[in-house]
Amino acid sequence: MTDTSFITWIQQFSSPLLDIFFKAVTFMGNAEYYILIIPLLFWLYDKKFALRFGVFFICNAWLNSFIKDIFQVTRPPIELHKIQQGGYSFPSGHAQGSTGFWGYLAVQVKRPWAYIVAAILCSLVAFSRVYLGVHFPLDILAGILIAIVWIVIYDFITRKVKLKLNLWQWFLASLALCALLLLLHPGGDSPLLAGFLLSSLWGYRLETDLVNFNVKGYWWQNVIKALLGTAVLFGLHSGLKPILLTLFNNPAGDTAFYYAATFCRYFIMGLWVSLLAPLSFKALGLYKKE
């Protein structure tokens, strides 16, 4: 698992141009990329599809963090790194995340071209992690395999299991799910994922029952929604961190306070995506009036 021979062999073909290319490619596996894309689907395309997709992706990311915490494999030696990257190595979060993201979309589209595009993009992101020296080949293979298995399981569940819950049952079921995720894996990325998931599920149900925003809009309305929505989202992402860390300040350095601040930060972000942004868009008239 810790053999670096393949990495060193790949890096002998390095060049400044390839470095720039693969650093750009690897961004498609960064959290910031998904923070941008999935909310846009919610605001501009289809709320139900975006929620289902978001739940899939969050659970996929949780699985990666959970497994990493079990194995705790260190990354390749720092001298091989072409980018700064912390955390554990196995399995690759970028490989698992990109395979899950594009693979799930391909399964929903059900067209040959979609599978081809997904395979190309996933392969590029996965290879970039080895080229940049931050993952072993086995990390990549494991991440891809886990994502494929999760796509099959999740697609089966969403097709076969149909739940009809009233508002309070929805709230309690969402709370139980997120509490279970935190109980099984309280560290790593679990607090941020659970926080975002909980507020997204609660916000979606409140939005559906009380706001019911029409996502269809003219092109200029969609542009405004995209710009306003992402500006506030990334503002919350950057601005809430120092504020909440100050509020949850712990001189003893207990990580529980940091995780509590992280949970609250992403809870607020999820609430903006699923409820407050649609409410704002409706108030501003950013939709087609039938």
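Predicted model: local features only at pLDDT ≥ 70, side-chain atom pairs only at ≥ 80, totals over all residues.
Figure 1. The side chain of arginine 205 meets that of aspartate 209 in a salt bridge, with 3.1 Å from N to O. Because arginine 205 and aspartate 209 are four residues apart in helix α9, about one helical turn separates them.

**Figure 2. The salt bridge between lysine 47 and glutamate 207.** The structure holds four salt bridges, and the one in this view is formed by the side chains of lysine 47 and glutamate 207, at 3.1 Å from N to O. This pair links distant parts of the chain, with lysine 47 in helix α4 and glutamate 207 in helix α9 (residues 190–211), 160 residues apart. Both partners, lysine 47 and glutamate 207, are buried.

**Figure 3. The salt bridge between lysine 82 and aspartate 19.** Here lysine 82 forms a salt bridge with aspartate 19, and the closest N and O atoms are 3.6 Å apart. Lysine 82 lies in the loop between α4 and α5 (93–109), while aspartate 19 lies in helix α2 (residues 16–26), so the pair ties together parts of the chain that are 63 residues apart in sequence. Lysine 82 counts as partly exposed, at 26% relative accessibility, whereas aspartate 19, at 17% relative accessibility, counts as buried.

**Figure 4. Helix α4 and its two ends.** Helix α4 has 25 residues and reaches 36 Å from its first C-alpha to its last, which is close to the 36 Å expected at 1.5 Å a residue. The N-terminal end of α4 is capped by aspartate 46, of which a side-chain oxygen lies 3.1 Å from the backbone nitrogen of lysine 48. At the other end, α4 is followed by glutamine 72, a residue whose phi is positive, near 50 degrees.

**Figure 5. Aromatic rings around phenylalanine 49 and phenylalanine 53.** The structure holds 28 aromatic pairs. One of them is formed by phenylalanine 49 and phenylalanine 53, a tilted pair with 5.9 Å centre to centre and 40 degrees between the planes. Both phenylalanine 49 and phenylalanine 53 lie in helix α4 (residues 47–71), where they are four residues apart, about one turn of the helix, and both are buried. The two rings belong to one aromatic cluster, whose members also include Tyr45, Phe56, Phe57, Phe101, Trp102, Tyr104, Trp150 and Tyr154.

**Figure 6. Serine 65 and the residues that it touches.** Serine 65 is found in helix α4 and is buried, with a relative accessible area of 8%. A polar atom of the serine 65 side chain lies 3.0 Å from the backbone nitrogen of aspartate 189. When residues up to four places away in sequence are not counted, serine 65 touches His185, Gly187, Gly188, Asp189 and Ser190.

Figure 7. Glycine 270 has its place in helix α11 (residues 255–283) and counts as buried, at 0% relative accessibility. Although glycine 270 and serine 200 are 70 residues apart in sequence, they are 4.9 Å apart in space, C-alpha to C-alpha. Not counting residues up to four places away in sequence, glycine 270 touches Phe196, Ser199 and Ser200.

Figure 8. Leucine 197 has its place in helix α9, and at 1% relative accessibility it counts as buried. Its neighbours within four places in sequence left aside, leucine 197 is in contact with Val55, Ile58, Leu177, Cys178 and Leu181. Alanine 226 is 29 residues away from leucine 197 along the chain, and the C-alpha atoms of these two residues are separated by 21 Å.

Definitions and conventions:
Residues numbered from 1 in each chain as written. Heavy atoms only, no water. Phe/Tyr/Trp six-rings, centres within 6.5 Å; stacked < 30°, edge-to-face > 60°. Buried < 20%, exposed > 50% of the residue type's maximum accessible area, 1.4 Å probe, protein only. Expected span 1.5 Å × (residues − 1). Polar contact = N/O pair within 3.5 Å; in protein donor to acceptor, adjacent residues only side chain to side chain. Contact = heavy atoms within 4.5 Å.
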